[in-house]
Amino acid sequence: MTTFDEAGYRHLTPVDNRGAERQARLRQLGLGEKPEPEFEAFAKRVAKTLGVPNAMVNFVGATHQYVGGLYSQMMPDDGATAGPEMRTAPLDTGYCPHVIARGMALVLEDVCDYPRFAGNDIVDRMNVRSYLGAPLIDRTGTPLGTLCVIDSEPRPWGRDGLHAIKSLASEGVELIHTHERERQN
C-alpha cells in the first residue's frame, strides 16, 4: 500500500509487514547497529566501480535504518568515523525503505522528476539529486537492507546502471553470508 501526504506530493514510506522479521534476522546476524569494516570497504569499491561520490550498505530494521557500510568523497576519512547522525535515519527518510517494500531495485536518475520522491527530506539534507539502489535479500529470503549510491547531480543510470547495482547487490549478499559464517566460527 502506498500513501501520500495531504498535499498529494510526497510519497510516504510504504507499509512494511516484514519489519519485525527483518529486525530479528539482522539481530541474529549482528548487523545494523555498528559500522562493519567489510561493508565499509565494499561501499568504497561500489562507489569507485560506478564512479559516484557516495555509496552505502544500508540495513533497514523495524524502527530505523542503519548505514553499516559508508563511503563518501565529502568526508576526509571516507566515512569510517561518521557519527550516528550520518549512520541512522528514520524509516520515512530516503529511498531505501521503498526498495525494501518493493523487493526490487529503484532507479531515480533525477529525483526532481518524480514528485512523490522529490519532497523527501534527504533531498535537501544530503543534497541528493539521483539515487540507484537494490535490495540485499539473504539466503532466507529476507530483505535485510539495500546497496545504494547517491549523487548531487542527475545521473543517466539506464539499464547498465540497473544491471550494475543488481550485480553488486549480489556481491553484498555474499558478504552478508560470509559475515554470518564468520560469526558461527
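## Salt bridges across the chain

The structure holds 9 salt bridges, and it should be kept in mind throughout that this is a predicted model. Side chains of opposite charge can pair when their charged atoms come close. One of these pairs is formed by the side chains of Asp-138 and Arg-25, which meet with a distance of 2.6 Å from N to O. The pair links distant parts of the chain, since Asp-138 sits in the loop between β7 and β8 while Arg-25 belongs to helix α1 (residues 19–29), 113 residues apart. Both Asp-138 and Arg-25 are buried.

A second salt bridge joins Arg-45 to Glu-171, and here the closest N and O atoms are 2.3 Å apart. Arg-45 lies in helix α2 (residues 37–50) and Glu-171 in helix α7 (residues 158–184), so this pair ties together parts of the chain that are 126 residues apart in sequence. Arg-45 counts as partly exposed, at 39% relative accessibility, and Glu-171 also counts as partly exposed, at 32%.

Asp-110 and Arg-129 form another salt bridge, in which the closest N and O atoms are 2.7 Å apart. Asp-110 lies in the loop between β6 and α5 (115–118), and Arg-129 in the loop between α6 (121–125) and β7, so the pair ties together parts that are 19 residues apart in sequence. Asp-110 is buried, with a relative accessible area of 10%, whereas Arg-129 is partly exposed, with a relative accessible area of 29%. Elsewhere, salt bridges that share partners join Arg-25, Asp-138, Arg-139 and Glu-180 into one network.

## Strand β7 and its partners

Strand β7 (residues 130–137) is largely enclosed by the rest of the structure, because 7 of its 8 residues are buried. Strand β6 (residues 106–108) pairs with β7 in the antiparallel sense over 3 bridges, and Val-107 has Leu-132 in β7 as its bridge partner.

Strand β8 (residues 143–151) also pairs with β7 in the antiparallel sense, over 8 bridges, with Ile-137 standing opposite Pro-143 in β8. Together β7 and β8 form a hairpin with 5 residues between them, and in the turn Gly-141 has a positive phi of about 85 degrees.

## Cysteines

A disulfide is a covalent bond between the sulfur atoms of two cysteines. The structure holds 0 disulfides. Cys-96 is in no disulfide, because the nearest cysteine sulfur, that of Cys-148, is 3.7 Å away, while a disulfide requires the two sulfur atoms to be within 2.5 Å. Cys-96 is buried, with a relative accessible area of 5%, whereas Cys-112 is partly exposed, with a relative accessible area of 44%.

Methods:
Residues numbered from 1 in each chain as written. Predicted model: local features only at pLDDT ≥ 70, side-chain atom pairs only at ≥ 80, totals over all residues. Heavy atoms only, no water. Buried < 20%, exposed > 50% of the residue type's maximum accessible area, 1.4 Å probe, protein only. Helix = DSSP H or I, 4+ residues; strand = E, 2+ residues; numbered from the N terminus. Pairing = 2+ DSSP bridges. Salt bridge = Lys/Arg side-chain N within 4 Å of Asp/Glu carboxyl O.
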